[in-house]
Amino acid sequence: MTRPLALAAALALLATGCATRASYHRLGAELATARTELTDLRQAQEATARDLARAMAESRALEARTAEVSAALRAGAVEVASLRARVEAAEAAAQEAKAKAAAPLAPAPAAPAPTPVERPREAPAARAENAEAAYGAALATYRKGEHGQAVLDFLDFMGKHPRHPLVANAQYWIGEAYYVQRDYRQAVAEFQKVLAVAPRSAKAADALLKIGLAYRNLRDEPVARQTWQRVVREFPKSEAATKARAFLK
């Protein structure tokens, strides 16, 4: 017989006047046990409630910390993209200067007539910094996987800074944006524009390498191999040429 049933039976005996002294003692013991169990149950419930409140507070604190870390990561990604833009700008400027130094010197033109000097609206250093910031922001957007928006941002950068050394890089990343979306024909067209903008730059070699990969994905192996052979022939010391030789094997 369970304790509730025993208590009910004892109470029934009391009600009918048939209970003995032993019944009274048994009833008292049962009641005392029931009170103890009730107290233990209440204490367990209070402890559970405290644990639950503490767990909820820890969960809220963890969510806040996660949000802080995510914000810090996003800010770091933008800063890294900006630094990468500056490095690429320096490399592009160095390559352009090297190409100009290797070109034959043309006869010095006659000195033009003096013209009034117009004060620039914006300092060249400020314009360069703004251009690199715009390029870095577009590159960060690309790296976040927002390829459509990245294409628009790179086009906006090229439209505002058409003579900047990073124009070839921006055009290259437009091709990459189409390539990762598996639009290989459009990717080929965009990579071809890199060759038109900067035919002897490092990005031209990278663009040719990707054109070959795009043709391979389009199942045109002969054109892919011809493109990689061109990389090896025109840019033999580049990293792209090393990869092209591996693809040719």
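This is a predicted model: local features need pLDDT of at least 70, side-chain atom pairs count only at pLDDT 80 or more; totals for chains, interfaces and linings use all residues.
**Ring pairs and helix packing**

Tutor: Welcome! Residues are numbered from 1 along each chain as its sequence is written, and side-chain values use heavy atoms, with hydrogens and water left out.

Student: How many aromatic pairs does a search of the whole structure find?

Tutor: The search finds seven aromatic pairs.

Student: Why is the pair of Tyr 142 and Trp 173 called tilted?

Tutor: Rings of Phe, Tyr and Trp (its six-membered ring) pair if their centres lie within 6.5 Å; planes under 30 degrees apart count as stacked, over 60 as edge-to-face and the rest as tilted. The centres of Tyr 142 and Trp 173 are 5.1 Å apart and the planes stand at 50°, so this is a tilted pair.

Student: What does the pair of Tyr 142 and Trp 173 tie together?

Tutor: Tyr 142 belongs to helix α3 (residues 124-143) and Trp 173 to helix α5 (residues 167-180), so parts 31 residues apart in sequence are tied together. Helices here are DSSP runs of H or I with at least four residues, strands are runs of E with at least two, and numbering starts at the N terminus. Tyr 142 and Trp 173 are both buried.

Student: What makes the pair of Trp 228 and Phe 247 tilted?

Tutor: The centres of Trp 228 and Phe 247 are 4.9 Å apart and the planes lie at 35°, so this pair is tilted too. Trp 228 is in helix α8 (residues 221-234) and Phe 247 in helix α9 (residues 239-248), and the pair links these distant parts of the chain, 19 residues apart.

Student: Is Trp 228 buried or exposed, and how do you know?

Tutor: Buried means under 20% relative accessible area, exposed over 50%, and partly exposed in between, using a 1.4 Å probe and protein chains only. Trp 228 has 0% relative accessibility, so Trp 228 is buried. Phe 247 has a relative accessible area of 28%, so Phe 247 is partly exposed.

Student: What makes you say that the charged end of Arg 200 sits over the ring of Phe 235?

Tutor: A charge sits over a ring if NZ of Lys or CZ of Arg is within 6 Å of the ring centre and within 35 degrees of the ring normal. The charged end of Arg 200 is 4.8 Å from the centre of the Phe 235 ring. In the case of Lys 210, the residue lies over the face of Tyr 179, 4.6 Å from the ring centre.

Student: Why are α6 and α7 called roughly antiparallel?

Tutor: Axes are lines fitted to C-alpha atoms, for helices over the stretch in contact, and angles run from 0 to 180 degrees between N-to-C directions. Angles under 35 degrees count as roughly parallel, over 145 as roughly antiparallel, 65 to 115 as roughly perpendicular and the rest as oblique. The axes of α6 (residues 184-197) and α7 (residues 202-217) come within 9 Å and cross at roughly 160°, and the two helices are therefore roughly antiparallel.

Student: How are α5 and α6 packed?

Tutor: The axes of α5 and α6 are 7 Å apart, at an angle of about 170°. This pair is therefore roughly antiparallel as well. Among the residues making the contact are Tyr 172 and Tyr 179 of α5 and Phe 191 and Val 194 of α6. Contact means heavy atoms within 4.5 Å.

Student: What is the phi of Arg 182?

Tutor: Most residues other than glycine have a negative phi, and most peptide bonds are trans. Arg 182 has a positive phi near 65° and lies in the loop between α5 and α6. With a relative accessible area of 66%, Arg 182 is exposed. Arg 219 has a positive phi of about 65° although it is not a glycine, and this residue is found in the loop between α7 and α8. Arg 219 counts as exposed at 78% relative accessibility.

Student: How many helices and strands does the protein have?

Tutor: The protein has nine helices and zero strands. Of its 249 residues, 28% are buried.
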